[in-house]
Amino acid sequence: MRLIINKIILFLSTLAAVLGLIFLFWILITLTIKGIKSVNLYIFTHDLVENGLRNLLIGQFVLSLIAIVIGVPIGMVAGIYLQEYSFNNKFALFIRNLSDVMMSAPSIVIGTFVYAILVNPIGHMNGWAGAVALAILMLPIVVRTTDDMLGLVPKELREAGVAIGAPKYRVIFDIIIKAAKVGIMTGLLLAFARIIGETAPLLFTSGNSQYFTLNLNHEFPSLTVAIYNLATMPDKHLVDIAWAGAFILTFFVLVINLLGRYIIKDKK
Amino acid sequence: MEKIFKSLSQLSATTILLILSAIFVVLYIQAKPAIKKYGIHFLVDPRWGVTVQKNNTPNVAKNSVANSDVGGIQVEDDDVLAAIGALSPSQEKKSNVVYGGLIPIVGTILSTIIAMIFAVPIAMGISIFLAEIAPPFLSKPVGIAIELLAAIPSIIYGMWGLFYFGPFIAKIFGGSSVNLLVAGLVLGVMIIPFMASLTRDSMKTTPNILKESAYAMGATKFEVIKDVIFPYAKKGIVGSMILALGRALGETMAVAFVIGGVFNFPHKLTDPTVSIPVVLANNFAESSGLSLAALFYLALILFVISFIVISFAKFYFLRDKK
């Protein structure tokens with residue numbers, strides 16, 4: 001009897017696993033089939049107004065890049081504080097947990113927050129607001145990564161640095177960061193992959209634009225927001241473009257993730 | 001230099017706290033007109049953008065909200081909502097528009113519950129499969145595949161739900177292809193990889209020696225899972241689930257495509273309705289005045305609920321042992 005129950009349970013959980021995988025591969029396969037059909041050179045060389053994706057791809061990239069420029073320095077320095085300066089006091093533990101909580105905060109709420117401070121006072125949506133929203137979203141991920149990766153650096157390296165009389169910040173920048181470089185870079189890569197697919201915080205911060213622009217003071221084109229708008233259009237051709245965009249986005253995110261994994265594995 | 005850098009780093013760490021408190025304060029300030037006007041009653045009022053006419057009110061707002069009943073529970077579509085949003089604050093004052101958050105709150109909670117009911121057994125199955133059943137040559141690639149799927153942007157899940165999964169469910173259960181059930185299930189599919197990989201990680205923390213002793217006593221695999229792994233990894237597993245629940249609560253894009261986006265109290269599973277993130281996504285940009293304050297009120301509610309849920313998971317179940 002025990003053996004039969006054992007068999008049944010194991011069968012059920014295998015079945016659940018298979019069922020889950022079926023769903024997930026169903027998504028990937030439909031995405032690939034629908035997406036690849038509409039991916040061609042034309043959409044990379046024309047803007048949305050001419051049924052292409054060029055301005056959207058560049059716009060999304062620019063927004064994420066600015067978010068990195070804002071979010072990474074603050075996040076990294078905060079991570080350095082947690083690991084190197086705080087001696088794990090209560091404040092550091094609190095910040096560490098708080099940052100993890102912030103990591104799961106609803107992204108749309110961050111969008112509403114940025115709307116209140118950067119869109120409403122200015123009067124219209126602008127690219128900066130979108131980038132700031134993404135930076136806020138990225139901050140806790142960077143903190144966590146830096147914190148974890150610095151934690152892996154052996155204590156002896158720090159002691160060696162201090163022993164030759166280097167001030168602490170030199171030890172951190174010249175020894176510890178160098179030792180943890182690969183890990184931190186990988187973490188940043190994964191953080192980048194996370195924010196580049198975000199839609200909700202951009203909806204009413206950077207908005208969308210049909211034209212090519214690099215002026216962040218106005219509404220700014222982004223791929224994800226455009227996918228959201230296009231997918232519900234009655235025009236079938238526009239829906240196809242949305243699928244192409246979705247495919248490119250997913251492909252890009254997955255490649256970055258695989259790359260990140262490969263680097264970590266290589267290091268080990 | 002050393003001192004400068006040290007205080008700089010301390011400042012950066014404090015930004016986390018500052019941003020989170022700023023979010024709370026800013027949302028509260030923005031929501032204040034709505035909080036003042038409706039108070040706590042907002043939470044149980046099913047009317048959104050319904051005009052309640054006073055005796056002496058002129059019919060200013062009548063044209064723009066022609067198809068809404070006076071004070072009744074009313075299905076509001078986006079056009080009506082946009083019309084309300086376009087009203088100037090003075091008009092709103094005269095015509096006394098009522099905003100209540102009950103429908104989106106109920107929609108959020110119900111879709112999350114459906115997602116959890118659907119996702120928990122499957123995610124558990126996957127993690128048991130990965131941690132205990134599958135041979136290494138299978139568990140490794142499948143594990144990586146699951147983790148990669150957790151990285152796919154949520155808008156992709158939404159699109160798939162709209163074009164493939166929704167019609168599929170509609171064929172089985174009837175009704176339209178955008179409704180509460182579809183939204184819950186798409187949400188469930190989205191959190192499965194996230195939940196499964198976290199649960200697997202906590203199951204894997206069980207020391208081998210415990211498992212081996214149980215096997216040596218003649219326990220079957222199921223008994224080992226039930227009596228050794230579950231009790232040992234209980235906190236981690238429950239914590240992962242609550243974390244996934246927190247993610248489902250605040251998810252926008254996977255739901256926005258498939259929930260219908262109408263202010264409609266769902267009487268059965270296949271009714272279209274709306275959730276807090278979707279209300280925000282659809283109406284935020286074109287709102288002003290009182291309707292915007294009401295939206296900020298909703299955002300505040302969502303923020304507080306998910307903050308409580310996630311902190312609970314984090315501080316109680318998944319405490320850092322550092």
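A residue counts as buried if 20 or more other C-beta atoms lie within 10 Å of its own, exposed if 12 or fewer, and partly exposed in between, with C-beta atoms placed from the backbone. By that rule, helix H7(B) is mostly covered, with 23 of its 24 residues buried.

A quick note on the model: it is predicted, local features need pLDDT of at least 70, side-chain atom pairs count only at pLDDT 80 or more, and totals for chains, interfaces and linings use all residues. Residues are numbered from 1 along each chain as its sequence is written, while chains are lettered from A and ligands numbered from 1 in the order in which they are written.

Helices (H or I, at least four residues) are DSSP runs, numbered from the N terminus.

H7(B) isn't quite straight: a kink of about 35° lies at Ile191(B), shortly before Pro193(B). That bend is the angle between axes fitted to the seven residues ending there and the seven starting there.

Now for H5(B). Gly143(B), Ile146(B) and Leu149(B) are buried. On the other side of H5(B), Pro136(B), Phe137(B), Lys140(B) and Pro141(B) are exposed. The buried residues pack against H1 of chain A, together with H4 and H7 of chain B. Across the two chains, 69 residues of chain A are in contact (C-beta atoms, placed from the backbone, within 7 Å) with 68 residues of chain B.

Technical notes
Helix = DSSP H or I, 4+ residues; strand = E, 2+ residues; numbered from the N terminus.
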